[in-house]
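Reader: I have a chain open and would like to go through its packing piece by piece. Can we start with a pair of helices?

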Amino acid sequence: MIERIVIIDNVDPVSFYGVNNSNMQLIRNLFPKLRMAARGSVIKVIGDETETAEFEKKIKELEDYCSRYNKLTEEVILDIVKGKTPNEPKHDDVIIYGINGKPISPRNNNQALLVKSFRENDLTFALGPAGTGKTYIAIALAVKALKNKEVRKIILSRPAVEAGEKLGFLPGDMKDKIDPYLQPLYDALEDMIPAVKLKEYMEGGTIQIAPLAFMRGRTLNDAVIVLDEAQNTTVHQIKMFLTRLGMNAKMIITGDATQIDLPRTVKSGLIQALKVLKDVPGIGRVEFGKKDIVRHSLVQRIVEAYERHEREHSDDTPDQPAGSDD
């Protein structure tokens with residue numbers, strides 16, 4: 001009799017063990033000669049050397065499946081333990097599988113172009129109105145690169161620019177004041193990574209979410225870096241950010257030139273960067289339009305109504321119109 005320790009560190013234990021440990025109970029039934037105890041990411045198993053080795057092999061196969069598809073069902077467990085190939089979902093264009101195995105795929109041609117541009121370029125600009133999914137797809141691509149071990153970390157950033165409300169009036173310390181600006185990034189991650197695993201990634205620094213000002217002085221290697229709402233950067237801020245790009249790193253910069261919340265006297269860094277970098281090789285650019293909006297159908301009509309209003313009242317509007325979050 002030997003004792004063997006098996007570590008499942010690539011998946012969320014809650015997803016792996018199942019509701020009320022139902023998956024673990026099934027695994028126990030399939031290995032009746034072994035004694036086992038599971039706690040967190042550690043499974044301790046006692047038994048014959050050959051059987052414990054087979055147990056570890058099957059657990060690793062189950063872990064690989066759960067990591068890829070973010071779910072583990074009774075049918076999959078039975079197939080893998082019995083040496084059969086489980087039926088895998090057929091989604092050729094899937095970027096990753098989100099919570100509960102939900103496939104996250106491009107929903108229109110421009111989202112597919114963003115996936116292609118990310119694959120072919122180290123820096124990609126994704127431009128367009130709110131609701132086109134450019135930020136969501138960018139984060140999905142970052143999560144995929146992390147899960148595939150192509151990079152060691154994800155850096156997500158936004159400029160903390162006030163859009164009608166003042167930071168000083170928000171309650172709490174600086175983190176509490178800044179977090180509302182970053183919430184859309186948290187929301188996307190929570191769709192893609194189980195809660196326990198996301199907390200582990202964030203506490204360990206594998207995934208970092210920070211305001212743009214926190215990027216100064218850093219060189220970002222082995223990472224996917226996403227700058228969201230880049231239209232609200234100043235000329236100096238975006239130049240600072242672009243020069244953070246390190247070895248084995250990729251950047252996606254998202255923004256919408258119609259949603260600038262900077263003071264009218266301050267020039268948007270995104271607009272200048274697009275002009276300065278337009279002929280630089282290795283930089284991709286994907287432009288989304290109203291037809292690409294994938295939120296509620298009413299959102300597209302709202303965007304169109306505001307555009308008509310701005311055309312009709314162009315003499316009364318500021319040089320840089322304000323907007324809402326993407």
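**Helices, sheets and cores**

Reader: Which residues of α5 and α6 meet?

Author: From α5, Gln-111, Leu-114, Val-115 and Phe-118 meet Lys-134, Ile-137, Ala-138 and Leu-141 of α6. Contact here means heavy atoms within 4.5 Å. Helices (H or I, at least four residues) and strands (E, at least two) are DSSP runs, numbered from the N terminus.

Reader: Where do these coordinates come from, before I go on?

Author: This is a predicted model, with local features needing pLDDT of at least 70 and side-chain atom pairs counting only at pLDDT 80 or more, while totals for chains, interfaces and linings use all residues. Residues are numbered from 1 along each chain as its sequence is written, and side-chain values use heavy atoms, leaving out hydrogens and water.

Reader: At what angle do the axes of α5 and α6 cross?

Author: Roughly 35°, with the axes of α5 (residues 109–120) and α6 (residues 134–147) coming within 10 Å. Axes are lines fitted to C-alpha atoms, for helices over the stretch in contact, and angles run from 0 to 180 degrees between N-to-C directions.

Reader: Left-handed or right-handed, α5 past α6?

Author: The crossing is right-handed.

Reader: Now the sheets. What is the strand order in the 6-stranded one?

Author: β8-β7-β9-β10-β6-β11, an open sheet with parallel pairing. Two strands pair if DSSP finds at least two bridges between them. Its edge strands, β8 (207–211) and β11 (283–287), each pair on one side only. The twist averages 15° from one strand to the next.

Reader: Which helices pack on it?

Author: α5 is one of them: it touches β6 (123–127), β9, β10 and β11, and its direction makes about 175° with that of β11. Helix α10 (residues 269–276) lies across β6, β10 and β11, at about 125° to β6.

Reader: How many bridges join β7 to β8?

Author: 5, with the two strands running parallel. In that pairing, Ile-207 of β8 stands opposite Ile-154.

Reader: How many residues of β8 are buried?

Author: 4 of the 5, so β8 is largely enclosed by the rest of the structure. Buried means under 20% relative accessible area, exposed over 50%, partly exposed in between (1.4 Å probe, protein chains only).

Reader: Back inside, then. How many residues are in the largest nonpolar core?

Author: 35, and Leu-189, Met-192 and Ile-207 have the most contacts inside it. A nonpolar core is a set of buried Ala, Val, Leu, Ile, Met, Phe, Trp, Tyr and Cys residues joined through side-chain atoms within 4.5 Å. The elements giving two or more residues are α5, α6, β7 (153–158), α7 (174–192), α8 (195–203), β8 and β9. The largest share, 9 residues, is from α6.

Reader: What does Ile-207 touch?

Author: Leaving aside residues up to four places away in sequence, Ile-207 touches Leu-146, Ile-154, Leu-189, Ile-193, Leu-198, Tyr-201 and Met-202. There is also a second, separate core of 26 residues, which includes Phe-31, Met-36, Leu-62 and Tyr-97.

Reader: Last one: how many helices and strands in the chain?

Author: 11 helices and 11 strands. Of the 326 residues in the chain, 45% are buried.

Note on methods. A crossing is left-handed if the near helix is turned anticlockwise from the far one by less than a right angle, and right-handed if clockwise.
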